[in-house]
Amino acid sequence: MKRICKFLWLCVAVCMLMPSAFAQEAREFEPIRYGEPISYGNALTAAYTERSLTTLEDGNPVALVSVSCSNGSIIQVVDLNKEKIIHSFEVDYGGYFYYGIVTNDGVIYAILGKTIVRYDPAVKKPEKMGDAPTTRSGFCHGLAYDEETGILYGTTSNTGNVFSLNAETKEMKILFSVSPECYNVSRPALLGDYLYFGGTATG
């Protein structure tokens, strides 16, 4: 019985000393102090850039890139010689920067998700041409450009659509669909009077 009482008193003594020990340890750490928050403008979530298209602007080589996310994009033009961003544009559409095309006269047609964007280095401003005929979560896989007619040809995911886009009037037409045999159509290529592309089979 005496041993039990001694053990209980020992436990009580240890418990009484523990708060004092923790308080002493806490006094050894000073609180971390932070400065005033700094705003760098609107934040982009899930931002990335992974592709670019190049052309000449005022005789200098430039690259068009896009930092994209779910709620918008920042399209930027980089002077490759100076290694400096010379133009930056915030737009209200976003998506992966997929493959595009550069025409013989240096005009860029880029793909942001399912949106086709034109950048003319003489105008120095991006212009939305339209959205590819696919689902809300779909995108445009690639473009081909007919220099003689000024017609763009594009392919899509999810719907298997192959479409044309008049670069002057912005008129877009679905030429045909390879769905349901193929739901994804690869980047197209023009050779002579024929348009070539591959596809991902369903099932």
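**View 1. Lysine 170 and its salt bridge to glutamate 127.** In this predicted model, lysine 170 is partly exposed, with a relative accessible area of 33%. Its side chain forms a salt bridge with glutamate 127, and the closest N and O atoms lie 2.7 Å apart. The pair links distant parts of the chain, 43 residues apart: lysine 170 sits in the loop between strand 11 and strand 12 (172-177), and glutamate 127 belongs to strand 8. Glutamate 127 is also partly exposed, at 29% relative accessible area. Salt bridges that share partners join Arg118, Glu127 and Lys170 into one network. Side chains of opposite charge can pair when their charged atoms come close.

**View 2. Lysine 128 and aspartate 131.** A salt bridge connects lysine 128 with aspartate 131, with 3.8 Å between the closest N and O atoms. Lysine 128 counts as partly exposed because its relative accessibility is 37%. Aspartate 131 has a relative accessibility of 33% and therefore counts as partly exposed as well. The structure holds five salt bridges.

**View 3. The hairpin of strand 7 and strand 8.** Strand 7 (residues 115-120) and strand 8 (residues 125-131) run antiparallel and are joined by six bridges. Aspartate 120 stands opposite lysine 125 in strand 8. Four residues lie between the strands of this hairpin, and lysine 124 takes a positive phi near 65 degrees. In a regular strand the side chains alternate between the two faces of the sheet.

**View 4. Lysine 124 and aspartate 58, a salt bridge between two loops.** The side chains of lysine 124 and aspartate 58 meet in a salt bridge of 3.3 Å, N to O. The two residues are 66 residues apart and link distant parts of the chain: lysine 124 lies in the loop between strand 7 and strand 8, and aspartate 58 in the loop between strand 1 (53-57) and strand 2 (60-69). Which of the terms exposed or partly exposed applies to lysine 124? Lysine 124 has a relative accessible area of 27%, so it is partly exposed. Aspartate 58, at 60% relative accessibility, counts as exposed, because the cut-off for that class is over 50%.

**View 5. The largest nonpolar core, around Tyr109 and Leu143.** This core has 15 residues, of which Tyr109 and Leu143 touch the most other members. Two or more residues come from each of strand 5 (97-102), strand 6 (108-112), strand 9 (140-146) and strand 11 (161-166). Strand 9 gives the most, with three residues. Beyond its neighbours within four places in sequence, tyrosine 109 is in contact with Leu53, Gly100, Ile101, Thr103, Val117, Arg118, Met129, Leu143, Tyr145, Leu152 and Ala167. A second, separate core has 14 residues, including Val77, Phe89, Leu112 and Tyr119.

**View 6. Tyrosine 99 in strand 5.** Tyrosine 99 is found in strand 5. With a relative accessible area of 37%, tyrosine 99 is partly exposed. Which residues does tyrosine 99 contact when its neighbours within four places in sequence are left aside? They are Arg51, Ile111, His141, Gly142 and Arg187. For one of these, arginine 51, the separation from tyrosine 99 is 48 residues in sequence and 7.6 Å in space, C-alpha to C-alpha.

View 7. Leu191, Tyr194 and Tyr196 make a nonpolar surface patch of about 380 Å². Tyrosine 196 has its place in strand 15 (residues 194-196). Its relative accessibility is 44%, so tyrosine 196 counts as partly exposed.

**View 8. The whole chain, for orientation.** The secondary structure comes to one helix and 16 strands. The chain has 203 residues, of which 37% count as buried. Among contacts between residues at least 6 apart in sequence, 38% join residues at least 24 apart. The accessible surface of the chain comes to about 13300 Å², and 56% of that belongs to carbon and sulfur atoms.

Technical notes
Residues numbered from 1 in each chain as written. Predicted model: local features only at pLDDT ≥ 70, side-chain atom pairs only at ≥ 80, totals over all residues. Heavy atoms only, no water. Core = buried A, V, L, I, M, F, W, Y, C linked by side-chain atoms within 4.5 Å. Buried < 20%, exposed > 50% of the residue type's maximum accessible area, 1.4 Å probe, protein only. Contact = heavy atoms within 4.5 Å. Patch = residues over 30% accessible without salt bridge, like charges linked within 9 Å, V, L, I, M, F, W, Y side chains within 5 Å. Areas by Shrake-Rupley, 256 points an atom, 1.4 Å probe, with all protein chains shown as cover. Salt bridge = Lys/Arg side-chain N within 4 Å of Asp/Glu carboxyl O. Pairing = 2+ DSSP bridges.
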